[in-house]
Amino acid sequence: MTREGLRIDVVGLTKMFGAFKAVDDLSFSVQPGVVTGFLGPNGAGKTTTLRCLLGLLAPTAGSATIGGHRYRDLPDPIGTVGAALEASSFHPGRTARAHLEVMALGAGIDPRRAGEMLAQVGLTEVADKRVGGYSLGMRQRLGLAAALLGDPPVLILDEPANGLDPAGIAWLREFLRALAREGRTVLISSHVLSEVQRTVDEVVVLARGRLVRQGRLADLDSGPRDVLVRTPEPAKLRDALAAASLTVTEDGSGRLRVGGGTTERVGHAAYVAGVELHELVAEASHLERTFLELTEGDRTP
Amino acid sequence: MSTTSAAPLVRAEFKKISSTRLWWGLLVGAVVFSMIQAAVNAAFAGMDPGAGQPATPGLDTPEAIRSVYAMSMFSGTYIFALILGITGMTGEYRYQTITSTFLVSPRRSRVVVAKMLAHLVMGAFFGVVALAGTVLAGAVVIGVRGADLGFGAERLWPTMGLAVLAVAIWTLVGIGIGTLIRNQIVAILLAVFVTFLIEPILTFALAAIDLDWLVKWLPTNASSALMAPGNTLLDYLDWWVGGLVLLGYGLLLAGLGIALSVRRDVS
């Protein structure tokens, strides 16, 4: 089955709360067919941006559109965009099934679809229990069921992994990737990169209301990596590497950290100098560190 | 599709009401209060209250019968109907379900209209059920006193119908209040405060400064007028004018609410 997604376009979006600028001249776009991560630390303006996109907040300036339309102008809102915002917006005295039936009735969707959606997210057994007794993970699943109710080509989920256990996160990952494979537009926010690292293809990184970076997740990790090398003759190796115009620092664990080169260059320099090596590796990915560096500063793209 | 008709949103509102337990509690309260009111009215009709006050009309008068069966229902029920209406709107903000409501229907004024229609029907339902209670309780007490049950009393049935209508419109007034004031506790307290304290004081004060003509336009007096066509003792509006005035209060509050409150950011 395919479900042709729609582009999300945020253009020059600014949202002020009194004198506080929650979102500051933000522009990015989200493509169909991939999972896009909307990343940034808490308070970066992610939820505010999503609420502007969904017509719940009025932007101070700029626009946020789905397939070129403002949310309020969509002829079939929840059949076009499925959204799950914070997991607390359920009446505690209402059952999960009734919550979905209320939405279905209002949108002219067959209320029997409520049961199907609850089965899809694994809530069938508690479908007729009051939401007040649900765990955070169960509420997240109910929010997802509500988002899927209208079989929408666009999904917008705010911190969907929050409160899920590792098994739940793995389940969510497969679920969202399958939806994207069908051609849908999937946008998920998170303040924890590791939660969504294996789920998202594209990233939009936000800090203090401003865009820090947009691109493929792989490109976030494309910076030069240091090479770590262990040898019984560190002084000799240092000289050899310096001669090859590579920078060398002490790693602290008995290894040398070599900057500006690859494992091939380091290995070659050692071979030429006749230095014995016991270990030679490229430093492991430090995506999370890159993410923190990106979001700590107040940089512009 | 939902784009042209209000019916899907009204159905959703009925489901919202029926899927939580609050309406039950309010209905029980309304029936109990109405029955007590009817029993008391029936028990004391025609008795001399003492202290030089004139006696109330006896059970052989249509006034007394109408009071027992119809007015008792209204005075026992309307405050519960008002609260049903207020919570119908403010509950959405209290539990943040307003988010999914506005996601389903981003045109917010339609939500308010759907709520008004659904709650108008619920209010009428409250009125009919409570009326069954007052008829039962009133008939038992009248029977015990050995008087005629009076179901053929002049204008009894139209008055009952108007009392149901009045209760229904008070529910709609509740939606209006809730639309204007999002905070549930503040909205309920303010409504009860105005109805039970400010209005009586205002009635008294206006009369004292010779502004009696204003008194009959106050909401509670307007609804009394609606139920008491041809009442010559008090200077009420015509019954239909009273009904329209009450409806006007509800629509005015809801209109203000749509203009001032509903369009505001939801976060």
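In this predicted model, B:K16 counts as buried, because its relative accessibility is 10% and therefore falls under the 20% limit. Its side chain meets that of B:E92 in a salt bridge, with N to O at 2.7 Å, and B:E92 is likewise classed as buried, at 4% relative accessibility. The two residues come from distant parts of chain B, since B:K16 lies in helix α1 (residues 7-18) and B:E92 in helix α3 (residues 62-94), 76 residues apart. Through shared partners, salt bridges join B:E13, B:K16, B:E92 and B:K115 into one network.

Over all chains, the whole structure holds 22 salt bridges, among them the four set out below.

| Salt bridge | N to O distance |
|---|---|
| B:E92 and B:K16 | 2.7 Å |
| A:E101 and B:K15 | 2.8 Å |
| A:R184 and A:D151 | 2.9 Å |
| A:E279 and A:R255 | 3.0 Å |

In chain A, the side chains of A:R184 and A:D151 meet in a salt bridge, which links the loop between α6 (166-181) and β7 (185-190), where A:R184 lies, with the loop between α5 (136-148) and β6 (154-157), where A:D151 lies, 33 residues apart. A:E279 itself counts as partly exposed, at 23% relative accessibility.

The contact between the chains takes 27 residues from chain B and 34 residues from chain A. Together the two chains bury about 2600 Å², of which 61% is on carbon and sulfur atoms. On the chain B side, B:Y95, B:L103 and B:V104 lose the most area to chain A, together accounting for 22% of what that side buries. Across this interface there are 2 salt bridges. B:T99, in helix α4 (residues 98-104) of chain B, counts as buried at 6% relative accessibility, and, apart from neighbours within four places in sequence, B:T99 is in contact with A:R51, A:L56, A:L85, A:E86 and B:V266.

Elsewhere in chain A, helix α9 (residues 234-243) and helix α10 (residues 263-273) have axes that come within 9 Å and cross at roughly 115°, in a right-handed crossing. Here A:K236, A:L237, A:A240 and A:L241 of α9(A) meet A:V266, A:A269, A:A270 and A:A273 of α10(A), a contact made up of 7 nonpolar, no polar and 1 charged residues.

Note on methods:
Residues numbered from 1 in each chain as written. Chains lettered and ligands numbered in written order. Predicted model: local features only at pLDDT ≥ 70, side-chain atom pairs only at ≥ 80, totals over all residues. Heavy atoms only, no water. Axes fitted to C-alpha atoms, helices over the stretch in contact; angles between N-to-C directions. Helix = DSSP H or I, 4+ residues; strand = E, 2+ residues; numbered from the N terminus. Left-handed = near helix turned anticlockwise from the far one by under 90°. Contact = heavy atoms within 4.5 Å. Nonpolar A, V, L, I, M, F, W, Y, C, P; charged D, E, K, R; others polar. Buried < 20%, exposed > 50% of the residue type's maximum accessible area, 1.4 Å probe, protein only. Buried area = accessible area lost by both parts, 1.4 Å probe.
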